[in-house]
Every structure is written in structure tokens, then in C-alpha cells.
Amino acid sequence: MIDYKEMEAAMTIKLDDELPEKTVFQEGIRRAPDRGFRLTKEQTELALKNALRYVHPKYHDVVIPEFLEELRTRGRIYGYRWYPKEKIYGKPIDEYEGNCTAGKAIQVQIDNNLNFDVALYPYELVTYGETGSVCHNWMQYRLIKKYLQAMTDEQTLVVESGHPLGLFKSKKSAPRVIITNGLMVGEYDNIDDWEVAEEMGVTNYGQMTAGGWMYIGPQGIVHGTFNTLLNAGRLKLGIPDDGDLTGKLFISSGLGGMSGAQGKAGEIAKAVAIIAEVDRSRIETRKSQGWISQLAETPEEAVNMAEDYMKRGESTSIAFHGNIVDLLEYINKNHIHVDLLSDQTSCHNVYEGGYCPVGLTFEERTAMLADDKEKFRGLVDMTLKRHFEVIKSLVADGTYFFDYGNSFMKSIYDSGITEISKNGHDDKDGFIWPSYVEDIMGPMLFDYGYGPFRWVCLSGKHEDLIQTDHAAMEVIDPNRRYQDRDNYNWIRDAEKNALVVGTQARILYQDCYGRVNIALKFNELVREGKIGPVMLGRDHHDVSGTDSPFRETSNIKDGSNVCADMATQCYAGNAARGMTLVALHNGGGVGIGKAINGGFGLVLDGSEEVDEIIKSSIAWDTMGGVARRSWARNPHAIETSIEYNKMNAGTDHITIPYLANQDAVDAAVDSMFK
């Protein structure tokens, strides 16, 4: 038998020895839908015992019925009783307890991810993407905070799918936190087995930045969305390199976490944007934050408003409160030209509420999810078919459609519409329409090393953010490439565009040299006492952060797009080089089994040690992905790798591929298959 007194004496970091009062939920805050209860009796026993591991046995009789009720009615044990009674938000770093700067900095990040203004379903720990969670339950949240408060700069906290495994002696140059989320063994790496594991409380969907605690609200994706739209215009609409999208119509759907950036990005690119959204609360959130300018209740009203702005040569963003299929079918019927078209609903979770069937209100969708999942699934499939058919018609009339990396086309394929397959028999070569990475972001940005660099001013002072904006502008040479000019203009106008939601954070696409030089400049400002400490990071959706054949690696054509080496090496390399936090997740953005993605956080404390970490780790984090793209024979990545080898002779060296003569290859293969 286990001696509880001995165990208590051995466990000095644990939840407070008191039972919190039950949580009173604030009205008007979005709640996650019932995820469904599908466990066997034996699995239910495991789920209950797993949650009780965090709670002293003297309280078990009280919480057992509560936990079972949460599991039965919500599909998860969230431990609502442990939800903090004080407001959760990313406070200034000096207001947190801790024995090292990193421990306090990471607490800022976690709390920002759960801020009511930032999180999609804050009571259920979901930051964005319908299921992307900081951790699995509120006991974990509290225990993680305890560990971060106790941590020194010679210890590392290990977090496995939301569970703080423990604090271990390491060294100052090692990561302070190492996180993994949702890494299922191959045979079980599918949504059904993952769902059972999630209900039992042993896995967590980290998305791309939620479970790595580096989400900064819709600002975290807005620069990438802006780049996507602007470069789509250059690629497909004849927009000059120094032009914008004035007079062009962009249509998409979704105003949740990442998708909430679409309207704002469209406006900054000078387009007229209509974004469909079925959940009125998400529209109201984005409108109150200034990320959406107009509201339309009918397709006709939305289109009339858009046409009026286009005639005047003015940009605006319009939220259509309704289903995207209804909007597109109206547009198609009335022969209205759409320049750019996409979708950014949570199709990685298409049958669990990430995509709303046409004909249902948001409230009806939520009720049917709980009451009749089979009927819901059938309605989703029917809607996907209508969505597919109307896009086909619009594309035939000259619209440029691109998949926004949300598993939209994969969901259509999985619903039984094999016509969307590019090769006509499976999904291995992608689909008939391009991923935005395949056509736009890959060749025009990722192959050069440009990706979503971001930072958070941990002091909470807006004046620190302004100083970092100006410091970044000093580093960027707008005459070097058109990408640099775009990025210079972006950071120049960032304050005017009012991008901050939550902590004082910024997003700025940069290549290897830009990231390293900006980071060194920021660390110098911290060292000189001109700004407080800064947390650097990026979206895992980046040059080297993610292996995902339908998104990040969709422009890698040598067959390795289905391999997860790049993200794993990125994660391991960042840990070896001393990033403050490293994270490796399964499924971000496109769903379980469809991606492996890794991210980082680096605290700039002004030290010279951090200067050295910047030089080695940020260069590796970016150029590891460029090297992979170069080896796949991507021309711009080869050019960038050649330049890198010349500039880093004697320290770094990337393997450059020899290129085969296509005619010779074709002739040889043709003769073999005669």
C-alpha cells in the first residue's frame, strides 16, 4: 500500500490543499460545445481516475460526481472548480511569482492564451481552432503555474499533452520548458483513437501555438494573411509589386481565432472583403476589436455593400452573418465576379463543430452535435458537396480559389468526393486547387526563409512595443527584395492598423538575417534598460516548423512532403541550442495525423548568453527549413542556400542538389515503361 503521508512529504509542488468553490460562469462568454461521450465503462473508470490524480483523496467524494457530470455532458473532464476566480490575462511580467525570468515570462504567455479577449472558449481552455488547447484541464493549469513559480534557470519543466510531468535539473543553456502534444503512435494516429484518448484525459490538441503558449490573438496570423492576399493578387490578378488590391473582391469564411484576421488583412491590402460567419458572438468580438468594419445579414446586403465600396475605390471588411454556401450560391446565381476566394473554417474538425451545415443556425448546430451526431455528419457531407460545386462554378468563371490550409479540400475528399483529387485516384498528390502554401507562400516567401516571426513585450508597456517597431524598421532594408519592402511597410504601419489583442505583441514576416538581427537589436535594448524583457517566437506555420503535405510542405515535390523529419529536427535542434521553450505537436491546423509541427519561445533578458543563442538557434530554426526546400529542388530555396553557404563559410554548410535534365529523365523512364 502507498503511504499517503510519505507521498505528501515527497511531493512539495502540488495543488493547494483546499477545495476551490464551484465556478460561476460569466454570461456572454463563448462555451465549447458538448464534445460527445463515447467511452466504455472501463475507459470511463480510467478517465475518472486520471482526473483524480491531481486531487487529494480527501476531496474525491465531492468531485467524483462533478467530474462524471462534466464527462457525460461536455465530453471532457475540465475540472471547472479549479478555474481561477481572478481575471485571467497576460499581466506585466513583474506581477508574477517566480525564481527566474523565463518562469515568469511563460506564465504571461499562458494567461494571454486564456484571456477572454483572445481565447475562443476560455472556460474550456481552448485558445483557437475549435479544439486548440493550452492544456487539458484546470488542475493542470494550476499545477503548471506552480512549477513555473518554483523553477530556477537550471531546471527544465517537461509537459506531456498538458500534464506537467515534473521539473528536472538541467543547465542554464537548456530549455526551461519542453512540451509535446497529441503525439500518437502510428497505428492510433487517427481522429477516432485520439478522441478516446482526449476524453480519457491523456492527450491534448495543441493546435499550432495554443499548446505551445505562443498565441497572440488574430494578430498572429494577420501578416501572413495580408502576404497571402497581396501575393495572390500579384500572381493571379496582375497586381504590380508595388500595387495593392484596390477594387478587388475577396471572399472567405470564419471569424474565430486565426480566421478572425481575414477581414483586417483584406482591408490593409486595400481589398473589399466579405467573411461569412454563423456565430454572431464571433462577429461581435471582431467588430468590437476593430477587425471587422461592417455587418450584413443577407447575401444581397453583403454584395451590395461590397460593390458600393469597390465602385468608390475604397476598402472595407464585411461580416456576413450566415453560411458561406448561401453567400456563394447567391453570388454564383447573380453572376458576381469574385477575384480571390478561400475558406478558413475549422475543417480539421469538420464533424465536431468546426464546419456548420447549411440550413442550420449556429445554435441548431450546437444542439445537433450533442443530440444526433450521425445526422450532423450527413448534413456536413451534403454542405461540403454544395460548397465544392459552387466553387467549381466560380473558378470556371475566373475566380482564383486557394485552400487556406484548414483541411477544407481534404474534408471534401474524405466525404467521398474523389473528383477533387489531383491525380484522380488518391490524395497523395494533393487536389485540383492549390494550397496557399503550394502556390503563394511557399515559392514567394518560405523558400527564401520569410515566415511569421513574432514577439511579446513582457513588461506590458505599449511604449516598449513602439520601441521594438522602430528597432525592427532600422534593421530592415526595404530595397533588398520586394518581400523586405512589404515587411518594412507592414511594421511602419503596424501601430496605425491597431493590431494588438491581448498582450503587447507584434507579428512581422522575416527571413533568417532579419530575424537574427532584429532579435539581437531587441536584446541590446533590454540590456541597455530601454525596454523590459521580450519573448520571441513564431507561428509553428513557418519555413521549417511544420511537416504537413496539404499545407506547409505542399510545395515540396520530391515525395518527402509526407515525412515528419523537418519539424522533428527543428524541435530537437532548438532544444539543443538553448531556446527557452520548445514544443512539438500533432495535427496543428489540419487535424490529427495530418501534420507534425514544432515551435519555440526565447526570452530576451539582455544577457550576452542570449546573444549567442539568437545567433545559433534562430539561424538554425529558419535555415533548416530552407535547406529542406532546397534539397526538394525549389529554385528560390536553392538560391537562398547558395547565398547562405557563401556568407557562412567555415561555420555552416547546406547540401545543394544537382539538377537532372528533365528530357533525359523523361526519355529513360518512358523507355522503361514501354
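I'll start with α21 and α22, which lie oblique to each other. This is a predicted model, so please hear everything that follows with that in mind. The angle between α21 and α22, the latter covering residues 635–647, is about 130°, and their axes are 8 Å apart. Angles over 145 degrees count as roughly antiparallel and 65 to 115 as roughly perpendicular, so this pair falls in the remaining class, oblique. The crossing is left-handed. On the α21 side the contact is made by Ala619, Met623, Val626, Ala627, Arg629 and Ser630. From α22 come Ala637, Ile638, Thr640, Ser641 and Tyr644.

Now another helix pair. Helix α17, residues 462–475, packs with α18, residues 482–492, at about 160°, with the axes 9 Å apart. That angle is over 145 degrees, and α17 and α18 are therefore roughly antiparallel. Here too I can give the handedness: α17 crosses α18 in a left-handed way. In this contact, Asp469, Ala472 and Met473 of α17 meet Tyr488, Ile491 and Arg492 of α18.

Next, the core. Which residues touch the most other members of the largest nonpolar core? They are Trp455 and Leu536, in a set of 86 residues. The helix that gives the most to this core is α21, residues 608–631, with eight residues. Apart from this core lies another, of 62 residues, including Tyr54, Tyr80, Ile106 and Val108.

Back to Leu536. Leaving out residues up to four places away in sequence, Leu536 touches Met214, Phe453, Arg454, Trp455, Ala519, Phe522, Phe600, Gly601, Leu602, Leu604 and Ile618. Leu536 and Trp455, then, are in contact with each other.

A word on the loop between α19 (512–527) and β14 (534–538), where Glu528 is found. Is Glu528 buried or partly exposed? Its relative accessibility is 43%, so Glu528 counts as partly exposed. The C-alpha atom of Glu528 is 7.6 Å from that of Gly606, although 78 residues separate the two along the chain.

On to the sheet. It is open, has six strands with parallel pairing, and the order is β8-β9-β7-β6-β10-β11. The edges are β8 (294–296) and β11 (400–401); each has a single partner strand, so one side of each is left without a neighbour in the sheet. The partner of β8 is β9, residues 316–321, to which three bridges join it in parallel. Within that pairing, Ala296 has Phe320 of β9 as its bridge partner. Helix α11, residues 324–333, packs on the sheet and touches β6 (249–253), β7 (272–277), β9 and β10 (340–341). The direction of α11 makes about 150° with that of β6.

Last, β7. Six bridges join β7 to β9 in parallel, and five join β6 to β7, also in parallel. Ile274 has Ile318 of β9 as its bridge partner, while Ser253 stands opposite Ala276 of β7. Why is β7 described as largely enclosed by the rest of the structure? Because six of its six residues are buried. In a regular strand, side chains alternate between the two faces of the sheet. In β7, Val272, Ile274 and Ala276 are on one side and Ala273, Ile275 and Glu277 on the other. Both faces are covered, and Glu277 is among the buried residues.

That's what I have; questions, please.

Key. Residues are numbered from 1 along each chain as its sequence is written. This is a predicted model: local features need pLDDT of at least 70, side-chain atom pairs count only at pLDDT 80 or more; totals for chains, interfaces and linings use all residues. Side-chain values use heavy atoms; hydrogens and water are left out. A nonpolar core is a set of buried Ala, Val, Leu, Ile, Met, Phe, Trp, Tyr and Cys residues joined through side-chain atoms within 4.5 Å. Buried means under 20% relative accessible area, exposed over 50%, partly exposed in between (1.4 Å probe, protein chains only). Helices (H or I, at least four residues) and strands (E, at least two) are DSSP runs, numbered from the N terminus. Contact means heavy atoms within 4.5 Å. Two strands pair if DSSP finds at least two bridges between them. Axes are lines fitted to C-alpha atoms, for helices over the stretch in contact, and angles run from 0 to 180 degrees between N-to-C directions. Angles under 35 degrees count as roughly parallel, over 145 as roughly antiparallel, 65 to 115 as roughly perpendicular and the rest as oblique. A crossing is left-handed if the near helix is turned anticlockwise from the far one by less than a right angle, and right-handed if clockwise.
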